[in-house]
Amino acid sequence: MNLRAREHGLEFPGVPGELNAITDVPGVEVGYTTLIRGEDVRTGVTAILPRGKAGVFTPCAAGWFSLNGNGEMTGTTWLTETGSLTLPVLITNTHAVGTCHRGIIDWLVGAFPELPEDWSLPVVAETWDGYLNDIRGAHVTAADAVAAIETATGGPVAEGSVGGGTGMNCYAYKAGNGTSSRRVDYGADTYTVGAFVQANFGARRELVIRGVPLGSQLADDDPMREWVAPSGSGSVIVVLATDAPLLPGQLTAMTRRVSLGLARTGTTGSHFSGDIFLGFSTANAGALTSAFPDGEHRYEQLRFIPWGQLNPFYEAVVQVVEEAVVNALFAGQTMIGRDGHRSPGMPVDTVVKLLAAH
């Protein structure tokens, strides 16, 4: 396992949580199914459970934002309507969205056979791994989606070429998944903001790490530059989690700040990139339900931080997204996939020396 960016001496602003991962938010679980077979299968599924398996069906306030819509995240119309997220979130490759959507339903039916026959509108997001993976093949199955959910756990989160990030590239280097977290003090309370990134975006010439433009100095060994797709094509999915009590609209505002964290790494947002972000809060358990009426006329309540006090949380979002992308790059290792396509790992020692020189 490669060392993370901080373990190479890179400094980032803010105070990270214990694991510097999205799982520093209490209750959040992450699971993977990784598919590496033969010469042309390099793909998988990532599952993020906002309240863990035990907390499925307990809504989380949620919001989302699309910086560029050349991608897919299902369930967003329901998120916009209700501001409520209940089920596991899956991230996979572009052509496996439907399969993973079915997989969430299969998991629900198997895990909760007593469920009423109402409706489920899962969130499944994607980025395109067709450079390294036989994306047109039916390699991801509903059972793979179920397995990712079932293996989800708290604790350290694997980065790089695992789960949905298996075949993904970032700034024309092998990347995949990255994560980070920050503690945010609010009066006597301390909350956590965490990010999980499936990074598959950016042209090599754009790359910036900790404010240092590196793209022109790392122009060598860029096989994707000669490929048919325009430089910088790809996508990025970012999932934000927090235990701070926030309104759905405030979480939407936080997801908009994801764009600023990505920009710190150099991207300008390609037309050929689906850049879609989701944010949820695990506070206010029991609110934002959407059950059928049962004859009772009850009320629900939301406790939330005032809008004018959100700047430290916005700052944390920018910080965790930047570091999560850098962690994904540091975790990447050279991979050869379909048709002999090669994605080089970032030359970490060279990068560290270039940064030290600044």
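**Helices, sheet and a buried strand**

User: At what angle do α2 and α3 pack?
Analyst: In this predicted model, the axes of α2 and helix α3 (residues 142-150) are 7 Å apart. Helices (H or I, at least four residues) and strands (E, at least two) are DSSP runs numbered from the N terminus. Axes are lines fitted to C-alpha atoms, for helices over the stretch in contact, with angles from 0 to 180 degrees between N-to-C directions. On that basis, the packing angle of α2 and α3 is about 60 degrees.

User: Which class of orientation does that make α2 relative to α3?
Analyst: Angles under 35 degrees count as roughly parallel, over 145 as roughly antiparallel, 65 to 115 as roughly perpendicular and the rest as oblique. The class of α2 relative to α3 is therefore oblique.

User: What rules apply to numbering and to the values?
Analyst: Residues are numbered from 1 along each chain as its sequence is written, and side-chain values use heavy atoms, without hydrogens and water. Local features need pLDDT of at least 70 and side-chain atom pairs count only at pLDDT 80 or more, while totals for chains, interfaces and linings use all residues, as this model is predicted.

User: Which strands form the edges of the open sheet of four strands?
Analyst: The order in this sheet is β1-β2-β5-β6, with mixed pairing. Two strands pair if DSSP finds at least two bridges between them. Each edge strand pairs on one side only, and these strands are β1 (29-37) and β6 (123-127).

User: Which residue in β2 stands opposite Y32?
Analyst: Strand β2 (residues 41-49) runs antiparallel to β1, and nine bridges join the two. The residue in β2 opposite Y32 is T46.

User: Is G165 buried or exposed?
Analyst: G165 is in the loop between α3 and β7 (169-170). Buried means under 20% relative accessible area, exposed over 50% and partly exposed in between (1.4 Å probe, protein chains only). Because its relative accessibility is 0%, G165 is buried.

User: How many residues of strand β13 are buried?
Analyst: On one side of β13, G234, V236, V238, L240 and T242 are buried, and on the other S235, I237, V239 and A241 are buried too. Strand β13 (residues 234-242) is thus largely enclosed by the rest of the structure, with a buried count of nine of the nine.

User: In which sense do β13 and β14 run?
Analyst: Nine bridges join β13 to strand β14 (residues 273-281). Across this pairing, T242 stands opposite S281. The sense of β13 and β14 is parallel.
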